[in-house]
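I set out to record what I looked up in this entry, one topic at a time.

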Amino acid sequence: MKRILLVGGGGALQTRLRALAPGIATAVICRASILYRVPRPQENDAVLALSDDAPAASWIAGARYIDAQWPVDAVATLAEIDQDKAVGIAEALGLPFHSAETMEAVHDKTAMRKMLRDKGLDDLPNARLNGLSDLERFYERHGPPLLLKPGRGRGSAGVAIVRDRDDLEGAYATAARAEAPRLEPSPPVVERFVEGPEFSVEMVSHDGVHYAFAVTEKFTDPRTRLELGHVVPARIAEDDRDRMLARVRASLTGLGVASGITHTEVILGGPERTPVLIETHLRHAGDDIPELVHGATGVDMVELFLRQTAGEDLASVPELIERAGAPLYSAAQAIWFVTGDRRGTLERIEGLREAAESASVVAVDQLIDDGAPCPEPVHSFARLASVRVHAADADTAIDAARANAALLKPVIAPEADGPEGRTRPAHS
C-alpha cells in the first residue's frame, strides 16, 4: 500500500489520486479555512486541520503524529497554499520533496529573480518595497513603466502599473492593501513592466526533464492585468514558441525544479519578442487551463502528475516522452470570463441556458452565487462566470468563447453593506 500525506487542499484531485489504484491511501493535514477543499474526508485514513496561524512547528508535529500511527511513504501537495509547510514536513520525515530554496524562490517573486539572476537567467530590475520611499527611489533609478504586486500574491490581486510619477502613491497603496480570499499580507514588489503579449507554459517535469504540454495564450485587462480569457494552443510563431520553451526549461532547472507539474507565466517583450519569465508555480494552472490542454491535446497532464505523485515512474510513458520538445495539439479550446461592471449584489446571470446549448460550448460555469456581493473586477475572485468552448483551431475557439460569453448578462443590485460573499476561487 502507498501511503501519501497530502498537505493542503486540492479539491477533486484528492479523490482522483485515490482512484488511480486500489493500493493508494491518503491522509490530509491542512489549515482549517480550507477544510472544505478536502472532498470526501471519510475516504482518508486521517484528516488533521490546524488553525490558520499555526506555526510551521505545529504542522511538523502533526505530521510526525500521523507518521507514528500511519507510516507515511510520500508527502505531496495538490494545490499551492501551504506548500511551504510540506517542505518542512518532508524534511522532518526524511521523504523527497521540493527543496526549501526552490519553494522560497517560487513563492517569493524577489527571491525568484535573485536565484535566476545569480545563474545568469534573469536581468529584470526588481526590488522588495518596505514603503513608498523605496518605490520612489526605484522610480528615480529605473524610470517607468513599472509593475507592482504583492510579493506573495494570487489571483491578480493588487497588481498596479506605474506609467508616470503621479501613479506612484496609488500603485503602492493598491499592492500593499490588496485583498482577496486567502491572500496573506506580504511586502509589495516592483519590477520593470514588460510590454508584450502574455502566455503561460504548462509542463510536467520528471527526473529533471521538463516536458511541454501546452503554450496558453492569455488575454488580460490592460489596467488591472486581470485575466479575461485563455486559448490553447497559443497563436504564436514557432521560433517564438521554441525560445519561450527554452527559457522556461532553463528557469525551472535554475530554480531546482526536478519533478511535478508547473504553470509558468511569460511575456514576449519588446520588438525582439524576448521571453521574460513573470512567475512560475509548483502546481497545475487555474482557470480551467488543464481542461483546455486536455481538450486541445487529448492528454490529461494532471492525471500524469497524479500518477507521478502516486509513485509511478513516467520515464517510459509515451504521452510524456513525445513532449520532450514541443507540445502536440489535435484541436483547440478557449475560455472567456464574465465580470460585472460595478460592485453590488449579484441577483442572477441571464443567458446561462442559451450559452450552454451552443454547439461549440463544452462548459458554462457560474463562479459567484446568486445573492452574493460582487467585488470590484480587479482580481480573479471577482469574475462571475465562464464559458469554455471546443473548436478545430485557436481563432475559431477564441471567437466562439467571446461570443458565447457575451450571451451572459449579470443582473447586479446596488452595492449593499457587509463582507464579500462566498466565491469559488480560480485555484486553491
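My notes cover a nonpolar core, a helix pair and a loop residue.

**Core.** I worked from a predicted model. I first looked up the largest nonpolar core, which has 37 residues. Leu17, Phe213 and Leu320 touch the most other members. I then checked which elements supply at least two residues each, and found β1 (2–7), α1 (12–19), β2 (24–31), β4 (74–76), β10 (209–220), α9 (289–297), α10 (301–309) and β14 (332–339). The most comes from α10, which gives five residues.

**Phe213.** I listed the contacts of Phe213, leaving out residues up to four places away in sequence. Among them are Val204, Val293, Val299, Met301, Leu304, Leu320, Pro327 and Tyr329. Phe213 also touches Glu202, Thr297, Glu319 and Arg323.

**Helix pair.** I next examined α2 (residues 56–69) and α3 (residues 83–93), whose axes come within 9 Å and cross at roughly 45°. An angle under 35 degrees would count as roughly parallel and one of 65 to 115 as roughly perpendicular; α2 and α3 are therefore oblique to each other. I noted their crossing as right-handed. On the α2 side, the contact is made by Ala56, Trp59, Ile60, Ala63, Arg64 and Asp67. They meet Lys85, Gly88, Ile89, Ala92 and Leu93 of α3. Sorted by class, this contact of α2 with α3 has seven nonpolar, one polar and three charged residues.

**Loop residue.** Last, I located Asp123 in the loop between α5 (109–118) and β5 (126–128). Is Asp123 buried or exposed? I recorded a relative accessible area of 71% for Asp123, so this residue is exposed. The C-alpha atoms of Asp123 and Arg113 are 7.9 Å apart, and the two residues are separated by ten residues along the chain.

Key: Residues are numbered from 1 along each chain as its sequence is written. This is a predicted model: local features need pLDDT of at least 70, side-chain atom pairs count only at pLDDT 80 or more; totals for chains, interfaces and linings use all residues. Side-chain values use heavy atoms; hydrogens and water are left out. A nonpolar core is a set of buried Ala, Val, Leu, Ile, Met, Phe, Trp, Tyr and Cys residues joined through side-chain atoms within 4.5 Å. Buried means under 20% relative accessible area, exposed over 50%, partly exposed in between (1.4 Å probe, protein chains only). Helices (H or I, at least four residues) and strands (E, at least two) are DSSP runs, numbered from the N terminus. Contact means heavy atoms within 4.5 Å. Axes are lines fitted to C-alpha atoms, for helices over the stretch in contact, and angles run from 0 to 180 degrees between N-to-C directions. Angles under 35 degrees count as roughly parallel, over 145 as roughly antiparallel, 65 to 115 as roughly perpendicular and the rest as oblique. A crossing is left-handed if the near helix is turned anticlockwise from the far one by less than a right angle, and right-handed if clockwise. Ala, Val, Leu, Ile, Met, Phe, Trp, Tyr, Cys and Pro count as nonpolar, Asp, Glu, Lys and Arg as charged, and the others, Gly among them, as polar.
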